[in-house]
Amino acid sequence: MALKDIGNSIFDAASIGYVIAKKSYARALADERDIDPGVAARAVAALHTEHLPVRVSEVIQETESTKTLRLVPAGDAPLFPFRPGQFATIFVDIDGTRTSRAYSISSPPSHTGHIDITVRRMPNGYVSKYLVDEVAEGDTFELSGPGGFFYHEPLIDTSELVFLAGGSGITPFMSMIREAIERDSGLAMNLIYGSRTADDVIFWDELSELACSCEGLAVNLVLSEPPESYEGTCGLLDAENIDRLVGDLSGKTFYMCGPHAMYGLCGESLEQLAVPVRRVKKELSGPPPDITMVEGWPTTVAPTDQFTVKVAGTRKHFPVAAREPLLNSLERNGISVDCLCRSGECGVCRTALAEGSVFMPAEVGLRKSDLACGYIHPCMSYPISDITIRL
Amino acid sequence: MKTKRAVVIGAGLGGMSAAAYLSKNGFKVDVFERNPHPGGYASSFVRGRFEFEAALHEISGIGPPEHRGGCYHVLEGCDVARRVEFIPINEFYTSIFPDFTVTIPNGWEAAEAAYAEQFPRERKGISRLMNQMRQINDELGALAKIKGPLDALSIPRKSAHLIRSFGITTEQAIEREISDPKLKALFCDIWGYYGLPPSRLSWMLFAVANATYLEYGPYHIKGTSQALSNAFVSAIEENGGTVHLRNGVRKINTVNGKVTGVVTDEGETVQAPYVVSNANPITACYDLIGKENIPASYLKSLAEGHIAISTYNVYMGLDCPASDLGVSGHEYFMHDSYDMDAHYRAMFTTDKQQYWVLTNYNHADPEFSPPGTSVMVITAVVDGTAWTRIPPDRYVETKERFAQQMIDATSERFPGLADHIEVVEVSTPITNMRYSGNPNGSILGFDYDVTGSPMMRLPNRGPLEGLYFAGAWVRMGGGFETCINSGMLAYGEVMKDVNGVKGLARAMPAMG
């Protein structure tokens with residue numbers, strides 16, 4: 001054994017003593033005042049709200065079928081920060097059924113005192129009809145924290161933005177446009193706003209005013225059923241119109257928000273115009289109007305088919321329609337599952353499917369291992385046999 | 001008939017490992033988890049057409065079928081291993097320093113040769129260091145086989161290297177054998193996994209942790225660590241346990257210093273004489289139990305440990321294969337200098353980091369992302385404190401600035417990277433806090449300094465009768481393998497009480 005080794009051994013022995021002494025000393029000094037167990041919870045709560053009680057402070061009639069509900073905190077908890085383009089989910093109780101819908105926030109984050117959601121009454125709409133026709137100033141709701149990834153992401157998106165809005169899909173763009181202009185963000189925005197008729201156009205006065213006064217914003221209206229006197233662009237958001245209204249496509253980031261039919265057309269158009277996939281962003285839009293038309297729907301199941309849903313470990317069982325999202329069927333039968341996006345993406349409603357099968361469209365953001373282990377996102381799952389779920 | 005009831009708080013790896021062992025061994029187990037999916041950090045998420053691994057870079061202690069490691073055996077012992085596909089990663093790590101780049105291969109001999117090839121003059125010192133690490137690990141393995149207090153008397157004779165590693169830092173140990181600062185930086189380069197620079201990091205921890213990689217090789221989990229977490233749930237449920245998701249625990253009930261059960265977020269009271277908390281002990285003692293019910297000495301021991309670092313991640317889905325960007329390996333450690341203490345100091349700020357890692361998940365599993373694409377993650381280990389002080393309205397801006405710096409710095413080494421990002425997601429220590437509830441968003445519980453090495457950590461036995469801990473904050477500490485171990489150790493403590501073990505045998509920690 002070399003002298004060095006002996007030296008090291010003595011050092012090691014001493015260091016063990018040192019650690020023990022240090023540990024005892026630390027304990028003698030340690031005082032529980034050093035611990036603030038709430039730091040993490042407070043930091044998280046300031047950014048991520050679970051469910052926030054809100055009150056309708058104002059109802060603004062935007063068009064015949066569209067209203068903006070201005071929401072303010074109903075309790076002590078302040079409103080949450082969000083990114084322009086994100087949505088929040090509003091929880092409602094309609095005739096004893098608790099359900100929810102996600103709506104893009106139309107106000108900008110810089111207006112910290114309130115959050116606006118703008119709702120169009122959809123034909124056969126359950127919640128939208130309620131929010132537009134029934135809700136009045138002073139009504140209270142629960143609101144989720146912000147969700148979704150439909151926002152300008154400066155890390156990867158260019159600063160020239162093309163907004164492709166269809167109908168009430170204008171709402172997230174209003175938040176983005178208002179914020180960009182108020183903050184003088186330097187973004188170049190080209191809004192191409194497709195609407196059926198002129199009467200359906202939401203936020204028109206504000207948009208045309210902003211387009212005149214702000215260099216960074218161009219607004220192009222595209223009407224599919226224009227009035228006779230109309231001189232603007234007609235038709236749909238197809239390749240020809242996009243090409244003409246955007247001009248040089250390179251270096252631009254495209255954002256799409258609108259009904260399902262529009263995504264098909266716009267998506268194909270952008271592909272045709274050779275816009276790279278990474279330059280195209282698409283907002284979620286909830287369950288498709290007719291699931292049986294979606295690619296992959298099993299031909300053996302008719303739209304009118306009904307199946308039985310059982311809840312494992314309980315006596316609950318009830319019939320459900322194949323064409324209705326399972327989450328909606330559950331809510332109709334008094335079973336509440338927490339959820340956020342209701343479009344298959346966020347996974348908050350993730351549930352175990354113990355028996356039977358469901359159909360989920362390809363865009364559902366299911367984890368591979370969840371698929372393998374039999375988990376589903378009920379907000380975008382359609383029963384195609386009798387099923388048993390575990391809650 | 002299952003009559004013994006146990007409740008596990010939190011479905012992280014530690015909690016699920018405890019639950020898997022308990023349910024396999026005759027307990028009726030209920031696991032309560034706040035999140036909609038199990039796993040805690042061991043999870044994945046989907047953005048666009050990409051699924052991202054949330055936390056795991058490479059798991060240790062698995063090993064090939066003919067040479068399985070400790071972690072694999074622990075997973076096997078609770079019916080989890082057979083449900084998971086482990087994919088070997090064919091290299092240990094790659095270091096990109098300002099003036100050289102080296103890939104360290106797997107295996108003791110090959111790794112030693114790679115260090116020596118880069119620094120031939122220090123060949124002998126490198127060899128001695130590797131040898132020491134190997135012996136420390138072997139001795140720790142032998143320690144696990146000690147039977148009872150009498151046998152423990154032989155520890156000093158059988159564990160000379162282990163004991164000598166106990167009180168010293170990694171820097172103290174390596175300085176005896178090697179001298180080139182560049183070699184030191186290369187040799188210690190995965191210190192980020194362990195949360196402290198060599199000048200503060202326990203040598204025992206460094207030696208043992210590196211040894212589990214060198215001995216058994218690093219592994220990736222097919223389908224991400226979410227697949228491992230889902231496998232735990234399957235194992236627990238197959239053995240009669242239940243994992244309740246979206247329903248955490250808000251209170252631990254106690255009567256006269258004894259745990260009687262819990263109250264769930266949904267308001268239900270569940271009676272159980274055995275409660276294993278995977279929620280960190282600080283939250284458990286202060287929020288779930290109430291500090292007035294905890295012995296003061298235990299509160300002191302919570303206050304004396306320093307909370308370890310958290311992580312900052314930039315998750316990237318790329319619209320091209322990794323090879324197009326010159327990324328051919330699994331993991332690249334990058335640095336602005338060789339000064340590891342300076343790297344550590346930067347972690348306490350939200351400024352540009354000087355030490356970070358790029359992980360290419362398609363290396364181990366070419367099917368990780370859709371054909372023609374790849375998934376890479378930039379990770380920096382950072383302290384959570386600075387992030388808790390950012391005003392909410394400045395949070396996004398701060399996190400974006402930070403991410404931009406990380407992407408730019410990585411693009412300098414891999415030109416073109418920034419031009420191919422189709423999907424990006426950023427997580428900060430706040431994100432870690434949100435999903436784990438851990439103070440400071442710590443990924444390792446308390447620091448692995450010499451007073452926090454695996455031997456000195458808080459025990460799995462809690463301060464009250466019927467209360468046990470599993471997870472990063474207690475033995476064996478933070479990390480995948482160690483957390484999985486901790487659950488088994490917590491189960492061991494429960495069994496002592498079930499069997500009425502008393503005295504010294506009860507007080508002595510189980511060795512696994």
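This is a predicted model: local features need pLDDT of at least 70, side-chain atom pairs count only at pLDDT 80 or more; totals for chains, interfaces and linings use all residues.
Colleague: What makes helix α18 of chain B, residues 429–436, mostly covered?

Modeller: A residue is called buried if 20 or more other C-beta atoms lie within 10 Å of its own, and in α18(B) 8 of its 8 residues are buried, so the helix is described as mostly covered. The buried residues include B:I430, B:M433 and B:Y435, and also B:R434.

Colleague: Which elements do the buried residues of α18(B) pack against?

Modeller: They pack against α2 (39–47) of chain A, and within chain B against β14 (310–318), β17 (374–382), α16 (385–388) and β18 (421–427). Just after α18(B), B:G437 takes a positive phi of about 75°.

Colleague: How do you know that β11 and β12 of chain B pair?

Modeller: Two strands pair if DSSP finds at least two bridges between them; β11 (residues 258–264) and β12(B) have 3 bridges in the antiparallel sense, and therefore they count as paired. In β12(B), B:V270 is the bridge partner of B:V262.

Colleague: Why are β10 (249–255) and β12 (269–271) of chain B called edge strands?

Modeller: The open sheet has the order β10-β11-β12 with antiparallel pairing, and β10 and β12 of chain B each pair on one side only. Neighbouring strands of this sheet are turned by 30° against each other on average, direction ignored.

Colleague: How many residues of domain 1 of chain B are in contact with domain 3 of chain B?

Modeller: 7 residues of domain 1 are in contact with 5 residues of domain 3, and on the domain 1 side the residues divide into 3 nonpolar, 4 polar and no charged. The centres of these two domains of chain B, taken over C-alpha atoms, are separated by 31 Å.

Terms used:
Residues are numbered from 1 along each chain as its sequence is written. Chains are lettered from A and ligands numbered from 1 in the order in which they are written. Domain bounds come from an automatic or database domain assignment. Two residues are in contact if their C-beta atoms, placed from the backbone, lie within 7 Å. Ala, Val, Leu, Ile, Met, Phe, Trp, Tyr, Cys and Pro count as nonpolar, Asp, Glu, Lys and Arg as charged, and the others, Gly among them, as polar. A residue is buried if 20 or more other C-beta atoms lie within 10 Å of its own, exposed if 12 or fewer, and partly exposed in between; C-beta atoms are placed from the backbone. Helices (H or I, at least four residues) and strands (E, at least two) are DSSP runs, numbered from the N terminus. Axes are lines fitted to C-alpha atoms, for helices over the stretch in contact, and angles run from 0 to 180 degrees between N-to-C directions.
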